[in-house]
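Student: I would like to learn how to read salt bridges, cores and strand pairing from a set of coordinates. Can we work through one case?

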Amino acid sequence: TNAALLGEGLAELAVRNRWAGIVLHGFLRDAFALSSKPLGIKALGAYPVKCGERDWGARDVPVSFCGAHILPGSYLYSDEDGILVAEADLLDMAAACASDGAE
């Protein structure tokens, strides 16, 4: 059975908790409302039915889907074309390289 795992309410909680984004191996709903949130969201698609109240999910555990292996503490970078998973903060590394080259 298909159901949406993320909607406007949970997205608002993510914004309040200062999350940069959500990668969802499932469906979302309230797509129009979510598009205006300052939150990056990648999902398999939209579905108009919410999943209901269930005790699903775990925190700080490795996950694998679509050929990607994501460990707790991984850095994810995303644009319209896809998601890059890295073990280190690539933005800090790029800034360090740029400052080394400026000397």
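Tutor: What follows takes one feature at a time, with the general idea before the case. This is a predicted model, in which local features need pLDDT of at least 70 and side-chain atom pairs count only at pLDDT 80 or more, while totals for chains, interfaces and linings use all residues. Residues are numbered from 1 along each chain as its sequence is written, and side-chain values use heavy atoms, with hydrogens and water left out.

Student: How many salt bridges does a search of the whole structure find?

Tutor: Side chains of opposite charge can pair when their charged atoms come close. A salt bridge is a side-chain nitrogen of Lys or Arg within 4 Å of a carboxyl oxygen of Asp or Glu. The search of the whole structure finds five. One of them joins E12 to K37, with the closest N and O atoms 2.8 Å apart. This pair links distant parts of the chain, 25 residues apart: E12 is in helix α1 (residues 8-16), and K37 is in the loop between α2 (31-34) and β4 (40-42). Helices (H or I, at least four residues) and strands (E, at least two) are DSSP runs, numbered from the N terminus.

Student: Which residues are linked with E12 and K37 in a network of salt bridges?

Tutor: The network consists of E8, E12, R16 and K37.

Student: Are E12 and K37 buried or exposed?

Tutor: Buried means under 20% relative accessible area, exposed over 50%, and partly exposed in between (1.4 Å probe, protein chains only). K37 is buried at 16%, whereas E12 is partly exposed at 27%.

Student: What other salt bridges can I look at?

Tutor: D30 and R29 meet through their side chains at 3.9 Å, N to O. D30 has a relative accessible area of 30% and is partly exposed; R29, at 25%, is also partly exposed. Another salt bridge joins D60 and R59, whose closest N and O atoms are 3.5 Å apart. Here D60 is exposed at 59%, and R59 is exposed at 73%.

Student: Which buried residue has no salt bridge?

Tutor: For this, Lys and Arg count as positive and Asp and Glu as negative; His and the chain ends are not counted. D89 is buried and has no salt bridge, and the nearest side chain of opposite charge, R18, is 17 Å away. D89 sits in the loop between β9 (82-86) and α3 (90-102).

Student: What lies around D89?

Tutor: A polar side-chain atom of D89 lies 3.0 Å from the backbone nitrogen of L91. Contact means heavy atoms within 4.5 Å. Leaving aside residues up to four places away in sequence, D89 touches Y75 and Y77. L76 is 13 residues from D89 in sequence and 8.9 Å from it in space, C-alpha to C-alpha.

Student: Where is L76, and which residues does L76 touch?

Tutor: L76 belongs to strand β8 (residues 75-79) and is partly exposed at 35%. With residues up to four places away in sequence not counted, L76 touches V23, I70, I83, L84 and V85.

Student: Which residues make up the largest nonpolar core?

Tutor: A nonpolar core is a set of buried Ala, Val, Leu, Ile, Met, Phe, Trp, Tyr and Cys residues joined through side-chain atoms within 4.5 Å. The largest has eight residues: L6, A11, A14, I22, L24, L28, L34 and L39. L39 touches A11, A14, V15, W19, A20, G21 and I22, again not counting residues up to four places away in sequence.

Student: In what order do the three strands of the open sheet run?

Tutor: Two strands pair if DSSP finds at least two bridges between them. The order is β1-β3-β5, and the pairing is parallel. The edge strands, each pairing on one side only, are β1 (4-6) and β5 (45-46). Strand β3 (residues 27-28) pairs with β5 in the parallel sense over two bridges, and L28 stands opposite A46 in β5.

Student: Which residues other than glycine have a positive phi?

Tutor: R18 is one of them, with phi near 65 degrees. R18 is in the loop between α1 and β2 (21-23) and is exposed at 76%. D60 is another, with a phi of about 60 degrees, and D60 lies in the loop between β5 and β6 (63-65).

Definitions and conventions:
A polar contact is a pair of N or O atoms within 3.5 Å; within protein, one must be able to donate a hydrogen and the other to accept it, and residues adjacent in sequence count only if both atoms are side-chain atoms.
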